[in-house]
Amino acid sequence: MVLYAILVAEMRANIMGVLTISAILPPQFPFFGVGNEMIQKIRSWIAAETRKYFGLKVTIEDYDALNAINNRDGPGKTAIFACEPHDILGYPVFLFNPSLNILPGRIGETVSILMTGAIFKLPIMKHIFTWLGGYSVDKKIFRDRLARNEACAFVPGGVQEVTLIDSKKPEEIVLYLKDRKGFVKLALERGVPIVPVFFFHMDGSYGYFVPKGRLVTKFARKIGFLPLFFYGRWKIPFGIPYPKKIHVVIGQPINVPCEGSDVCNESVDKYHKKFVNSLVELFENHKVSEGYGNRSLKIM
């Protein structure tokens, strides 16, 4: 028993040491001065191993419709992949890494993974998602990518969904979308199609503790992220998730008009509603086959 206690204490000390060092080091570490070709090889290897780890399954409902976007003329020759749910961490967005060749043509080659800035403040996580080619999701990066006809993949519900998880209602999947309309406006500015994406089987990826209450929500908004604690495999804080068999379903593209700089609120509301309805339909079409028959979405 004494030996076991010593080993556990030593292991905890080592984990805390790694977390402390990771928190201090910049996200790009250790790739300073490394050539772009080598970085791409490392990203490809990480993405491939991650795909194996989760036994990733991807269903594209209309591959031809996605591919047709590549052949458009002028603006709108790309797409916004709006994915849900976020759960504790929206890590399945890694599937959009270009090296996995899941998406067709130029869309698949240029897609950027955009994530909440909080990820890039967490030890270990900030390195992994930087190595995978992730970027902080903000309006400037979004606009710049779309202006270059490069696709973007992100989770619109964000960390706000984490505060709304109710462990007493495991049958509910909360999607915080009613006030998430900014990406729809960006799509309308350039006539970029919006593609709904649903992640199945993320439940239980992490153990976690989420502080609740209005004060916590206000504090989270002030500092820019939710102060939550979560742990993954081997109980490592902010570590890799437990291995789950993730199934990602990519729905039909929603075509939107190009309204330039004069996007009207009516258009934003109209296409936001279309997106939410399409996402719900995507879930309903696949939930029985995925063992979600007794579950439902709660749009907030």
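Which strand is largely enclosed by the rest of the structure, and why?

**Entry 1: the model.** I note that this is a predicted model, in which local features need pLDDT of at least 70 and side-chain atom pairs count only at pLDDT 80 or more, while totals for chains, interfaces and linings use all residues. Residues are numbered from 1 along each chain as its sequence is written, and side-chain values use heavy atoms, with hydrogens and water left out.

**Entry 2: the chain.** I looked up the elements and found 10 helices and 11 strands in the chain. Helices (H or I, at least four residues) and strands (E, at least two) are DSSP runs, numbered from the N terminus. Of the 300 residues, 48% are buried, meaning under 20% relative accessible area with a 1.4 Å probe, protein chains only.

**Entry 3: strand β7.** I returned to my opening question. The strand is β7: seven of its seven residues are buried, so β7 is largely enclosed by the rest of the structure. I194, P196, F198 and F200 point one way from β7, and V195, V197 and F199 point the other way.

**Entry 4: partners of β7.** I then looked up the pairing, which requires at least two bridges found by DSSP between two strands. Strand β2 (residues 80-84) runs parallel to β7 (residues 194-200), with five bridges between them. In this pair, I80 stands opposite I194. Strand β10 (residues 247-250) is antiparallel to β7 and joined to it by four bridges. Here F199 faces V248 of β10.

**Entry 5: the sheet.** I traced an open sheet of seven strands in the order β1-β10-β7-β2-β5-β3-β4, with mixed pairing. β1 (57-60) and β4 (134-136) stand at the edges with a single partner strand each, so one side of each has no neighbour in the sheet. Neighbouring strands are turned by 25° against each other on average, direction ignored; the axes are lines fitted to C-alpha atoms.

**Entry 6: a helix on the sheet.** I found helix α6 (residues 139-147) lying across β2, β3 (112-115), β4 and β5 (152-154), at about 145° to β5. Such angles run from 0 to 180 degrees between N-to-C directions, with helix axes fitted over the stretch in contact (heavy atoms within 4.5 Å).

Definitions and conventions:
Buried < 20%, exposed > 50% of the residue type's maximum accessible area, 1.4 Å probe, protein only.
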